[in-house]
Amino acid sequence: IMQLPIYHQPFPLNPFKRYRIEVAGELILQKPVDVAERIKSSLAKVFDLGPQQANAVYNAVKAGMEKYGSKMTLARLGEELRKLGESLSNARTALTRLEPLIDRDPFDHDSSQDWSILERNPGCIVVIQLSGFTRDVQVAITQLILWDAWYYNVQHGHKDKPFPVILDEAQNLDHSESSPTALILTEGRKFGWSGWFATQFLRGQMEKDELGRLQQASQKIFFRPPESELRNVALMIDPDRSRAAEWEIQLARLQKGYCVVSGWTVRNGRLVKDRPRIVRITPLSSRGGLR
């Protein structure tokens, strides 16, 4: 297991990196405006930025990229927002909200994470530890790291070589159309992504379209949910309201060590949808080969 405690060991990543993307069959370097759009979308929801504040971030990143190029940093983003803030109140507000991230500066901008370590070392587990940061800063860091991993897999990933990523407290992430998790859920399989999203709550923190994207997961496992979530989870298991009512009762009766499994499986070379079923989980102590 490789532990990466970012609080005192900045993560090797420049969030302003221009990645290579394929356009009309040709690999080209992203433009500064692409980076500006990515940073804006990564931070807007996390820090509750309004449209004008998000636009100020976009303009600050674009100006910084044009000025500093590959040497752009979070500190320089703060500088550009301060300059814009001399005449725009929205830029000042955006800076105030982003200061917890900018002041922490949790990235080593001069290095790059070597994601190929997972392929070179089978069984290696990389744990990105975000303890010590506030929740919004944790989410922002996660979003930016996911973008880096996404572009790595777009270039190097393969559907037959799984790239498993476990995201705890996934309800806190941005699952909007322009987010990395949306791409993982909708396009990730062809690049080898195996995204595992763990969450205790669904409604309240996610929009309807975000819940719809989570439904695209090929396999879903439901443990006994809080009483307030019973109806919502039952409808995710089976959208038919009469059958969902039955699942609501069964979910309420689920005991420790049991879960409901719903998803797809391959049979005779074909992908088919399984009927939801209750499964008893074998304790780790009873599984062969585990100590």
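The legends below describe several views of one predicted model.

Local features are described where pLDDT is at least 70 and side-chain atom pairs where pLDDT is 80 or more, whereas totals for chains, interfaces and linings use all residues. Residues are numbered from 1 along each chain as its sequence is written, and side-chain values use heavy atoms, with hydrogens and water left out.

**View 1. The whole chain.** The chain has 10 helices and 10 strands, these being DSSP runs of at least four residues (H or I) for helices and at least two (E) for strands, numbered from the N terminus. Its C-alpha trace spans about 60 × 40 × 40 Å along the principal axes. Of the 291 residues, 40% count as buried, where buried means under 20% relative accessible area, exposed over 50%, and partly exposed in between (1.4 Å probe, protein chains only).

**View 2. Strand E7 and its partner E8.** Strands E7 and E8 run antiparallel and are joined by 4 bridges, pairing being assigned if DSSP finds at least two bridges between two strands. Within this pair, phenylalanine 222 stands opposite valine 260 of E8.

**View 3. The covered helix H9.** Helix H9 (residues 230-237) has 7 of its 8 residues buried, among them Leu230, Val233 and Ile237. The cover over these buried residues includes E7, helix H10 (241-253) and E8, as judged by contact, meaning heavy atoms within 4.5 Å.

**View 4. Salt bridges around aspartate 274.** A salt bridge is counted where a side-chain nitrogen of Lys or Arg lies within 4 Å of a carboxyl oxygen of Asp or Glu. Aspartate 274, which is buried with a relative accessible area of 12%, meets arginine 267 in such a bridge at 2.6 Å, N to O. Arginine 277 also forms a salt bridge with aspartate 274, and here the closest N and O atoms are 4.0 Å apart. Arginine 267 is partly exposed at 48% relative accessibility, and arginine 277 is partly exposed at 40%.

**View 5. A salt bridge between glutamate 119 and lysine 161.** The side chains of these two residues meet at 3.4 Å, N to O. Glutamate 119 lies in helix H5 (residues 117-120) and lysine 161 in the loop between helix H6 (135-156) and strand E5 (163-167), so the pair ties together parts that are 42 residues apart in sequence.
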